[in-house]
Amino acid sequence: MGVATGAVKSINRSNSLPKLDVSGAAIQGGFEERDPPILLPNQSDDISHLAIDIGGTLTKLVYFSRHADHSNKDDKRKMSMKEKLGISNRNRSYPILGGQLHFVKFETQKLNECLDFISSKQLHRGGIDLHDCNSPDGNATIKATGGGAYKFADLFKERFGVSLDKEDEMGCLVAGANFLLKAIPDEAFTHMKGHKEFVQIDHNDFFPYLLVTIGSGVSINKVDGDGSFQRVTGSSIGGRTYLGLAWLLTKHKSFDELLELSKRGDNRNVDMLVGDIYGGDYSKIGLSSSTIASSFGKVTYESKEPSAYKPEDLSLSLLRMISYNISQISHSTARDYGIKRIVFGGFFICGHAYTMDMISDAIDYWSKGQVQAMFLRHEGFLGALGAFMSYEKPGLDDLMGHHLVERYLLCAPYVEGMIHGPPLGHPNENALVSEGGTDDNAKGRGDGFAHAFSAQLGRTRCILPLSSSSSINPWPLWRSWSPNKSYLHSLFGVSFKTSFLWSDSTVHPYKPLVAVLIKEKLDVVRFKELAVDEKPNGCVVCLGEFEN
Ligand SMILES: Nc1ncnc2c1ncn2[C@@H]1O[C@H](COP(=O)(O)OP(=O)(O)O)[C@@H](O)[C@H]1O
Ligand SMILES: CC(C)(COP(=O)(O)O)[C@@H](O)C(=O)NCCC(=O)O
């Protein structure tokens with residue numbers, strides 16, 4: 001294909017995958033709100049994703065919807081910039097920026113309610129505020145995980161004519177947790193003795209961690225990185241154990257009711273304490289008199305009828321027994337692997353302060369303060385979120401850097417995968433590229449990219465500070481950018497051998513394409529050779545290739 005002339009005013013992206021943009025993502029609503037939506041302020045593509053995690057107890061949905069609030073000053077600025085650029089999104093004359101991730105749960109036993117909800121919002125068709133996003137070949141799919149993705153696949157086919165595209169449950173749990181930890185501020189927190197504190201995640205020092213998911217049962221994964229994890233153990237004593245035994249003991253079935261009951265309970269009426277056995281502390285081995293020596297141990301010790309035990313006390317005793325058991329397994333596993341952080345997920349936690357305090361206390365006690373228990377505000381949606389992220393095959397780091405690339409791609413009108421016309425002259429690229437990023441690194445990468453391109457577009461000298469020792473790795477950012485040869489030609493005015501292109505990753509799997517491009521075309525100045533007053537602020541691109 002040749003480089004066509006003439007401005008093309010809109011982008012028909014029917015052949016390109018809509019992308020998720022998590023830059024600037026933030027939780028909406030107060031700190032105590034349950035299952036709050038996550039705002040994606042910079043989402044410009046129409047994504048129609050619905051993902052579902054059908055677990056042993058609960059079915060969790062994550063879906064995206066547009067929001068129409070453009071009162072925000074920033075949004076207005078971005079919109080007018082895109083309008084100026086003549087960029088459109090699908091059939092719209094300009095992209096509506098922003099949207100929300102929504103989180104909803106249903107009882108798996110009442111799956112029909114979930115199906116009705118999907119139907120009422122047309123989520124299987126892309127949502128009521130979106131176009132019909134079913135694939136033209138009729139093979140519409142919804143990403144799904146959890147055991148029910150297998151068990152109930154036919155139900156979805158019958159009701160909606162869609163197939164469930166099954167994603168591995170453990171992979172989804174880990175992907176969901178990594179997404180929340182890396183991309184969502186005020187998501188992770190500690191909870192000790194009634195005190196909740198949000199944790200600032202250090203992206204360079206977070207792995208490995210242990211992910212303990214307390215759903216119907218318990219799964220324990222050792223997480224070493226994105227997509228790098230191992231399910232190390234599990235336990236059949238989990239959330240559904242609490243529901244089952246609590247029902248047998250108290251005749252209450254509802255989880256919320258059971259938690260309410262436990263708030264009024266006193267487990268000392270049911271549990272046998274160290275003090276009941278020793279008459280006081282057993283200090284030699286560090287056990288205080290109030291430590292539970294044996295859960296439910298008092299029941300047959302006293303000559304009372306079962307009916308004499310109050311549901312409140314039984315519910316609390318059970319909650320403590322299960323929480324401590326899981327904490328202990330988690331601690332032992334963390335110790336075995338030398339891990340210092342345990343992230344607890346699953347709906348058994350359910351934002352319940354007392355449960356979190358028990359778990360934190362137990363981890364602190366067993367680890368002698370060496371291991372930290374952490375919780376997540378979307379703790380029950382890890383699997384569904386992971387399935388949602390799996391629409392984006394390149395992975396989380398790409399998503400976090402993606403918007404930087406995407407906005408550049410927007411500069412070149414793109415029709416059916418072909419490039420029409422030269423790159424736009426100066427579409428305020430610094431403002432576009434540098435404005436976002438969910439971390440400092442992303443901003444730095446964006447700045448670097450902006451400098452490289454402005455240098456190219458303006459035919460001026462390119463300033464690329466180089467540091468092979470920098471921890472910033474541009475690879476994920478560039479990897480998600482896979483232009484074809486024509487596009488490269490239109491941008492750089494030079495021809496490239498196929499071997500330089502992304503698809504041929506065997507040639508040089510870790511060499512950033514942009515490094516090749518820049519080396520081919522531009523003057524590169526070493527950062528250390530610049531005079532102090534010449535050094536750009538915050539512009540950091542680590543292209544180790546140039547050091548050689
Ligand atoms: N509304 C609820 N109904 C039933 N169980 C709940 C509810 N809220 C929290 N739970 C607890 O959460 C557990 C299910 O957690 P979840 O992470 O959804 O697991 P699963 O994927 O196995 O369904 C239940 O077994 C129960 O202990
Ligand atoms: C089988 C499961 C992965 C299903 O996940 P869930 O629906 O409980 O979230 C989980 O219940 C589990 O890991 N159970 C413990 C099995 C074991 O390792 O003993």
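Helices (H or I, at least four residues) and strands (E, at least two) are DSSP runs, numbered from the N terminus. The model is predicted, so local features need pLDDT of at least 70 and side-chain atom pairs count only at pLDDT 80 or more, while totals for chains, interfaces and linings use all residues. Residues are numbered from 1 along each chain as its sequence is written, and side-chain values use heavy atoms, with hydrogens and water left out.

**Exercise 1.** Locate Leu-180 and list what Leu-180 touches.

Solution.
- Step 1: Leu-180 belongs to helix α5.
- Step 2: Leu-180 counts as buried (under 20% relative accessible area; exposed is over 50%, partly exposed in between; 1.4 Å probe, protein chains only), because its relative accessibility is 0%.
- Step 3: Leaving out residues up to four places away in sequence, Leu-180 touches Ile-38, Glu-187, Leu-376, His-378, Leu-382 and Leu-385; contact means heavy atoms within 4.5 Å.
- Step 4: One of these, Leu-382, is 202 residues from Leu-180 in sequence, yet the C-alpha to C-alpha separation is 8.3 Å.

**Exercise 2.** Describe the largest nonpolar core and the contacts of Phe-344.

Solution.
- Step 1: A nonpolar core is a set of buried Ala, Val, Leu, Ile, Met, Phe, Trp, Tyr and Cys residues joined through side-chain atoms within 4.5 Å.
- Step 2: The largest such core has 76 residues, and Leu-101, Tyr-242 and Phe-344 have the most contacts inside it.
- Step 3: Helix α5 (residues 169-183) supplies the largest share of this core, 9 residues.
- Step 4: Apart from this core lies another, of 23 residues, with Leu-50, Leu-61, Leu-111 and Phe-156 among them.
- Step 5: Beyond four places away in sequence, the residues that Phe-344 touches include Val-212, Ile-214, Ile-326, Met-374 and Glu-379.
- Step 6: As background, nonpolar side chains tend to be buried together in soluble globular proteins.

**Exercise 3.** Classify the ring pairs Phe-156 with Phe-160 and Tyr-242 with Phe-255.

Solution.
- Step 1: Rings of Phe, Tyr and Trp (its six-membered ring) pair if their centres lie within 6.5 Å; planes under 30 degrees apart count as stacked, over 60 as edge-to-face and the rest as tilted.
- Step 2: The whole structure contains 18 aromatic pairs.
- Step 3: For Phe-156 and Phe-160 the centres are 6.3 Å apart and the planes make 55 degrees, a tilted pair.
- Step 4: Both residues lie in helix α4 (residues 153-160), 4 residues apart, about one turn of the helix, and both Phe-156 and Phe-160 are buried.
- Step 5: Tyr-242 and Phe-255 have ring centres 5.9 Å apart and planes at 85 degrees, so this pair is edge-to-face.
- Step 6: Tyr-242 is in helix α6 (residues 239-250) and Phe-255 in helix α7 (residues 255-263), so the pair ties together parts 13 residues apart in sequence.
- Step 7: Tyr-242 and Phe-255 are both buried.
- Step 8: Ring pairs also link Phe-31, Phe-189, Phe-198, Phe-344 and Phe-375 into a cluster.

**Exercise 4.** Examine the backbone at Pro-208, Asp-186 and Lys-193.

Solution.
- Step 1: Most residues other than glycine have a negative phi, and most peptide bonds are trans.
- Step 2: The bond from Phe-207 to Pro-208 is cis, with omega near -5 degrees; Pro-208 sits in the loop between β9 (195-198) and β10 (209-214).
- Step 3: Asp-186 has a positive phi, near 55 degrees, and lies in the loop between α5 and β8 (188-192).
- Step 4: With a relative accessible area of 33%, Asp-186 is partly exposed.
- Step 5: Lys-193, in the loop between β8 and β9, has a positive phi of about 50 degrees and counts as exposed at 66% relative accessibility.

How values were computed: Chains lettered and ligands numbered in written order.
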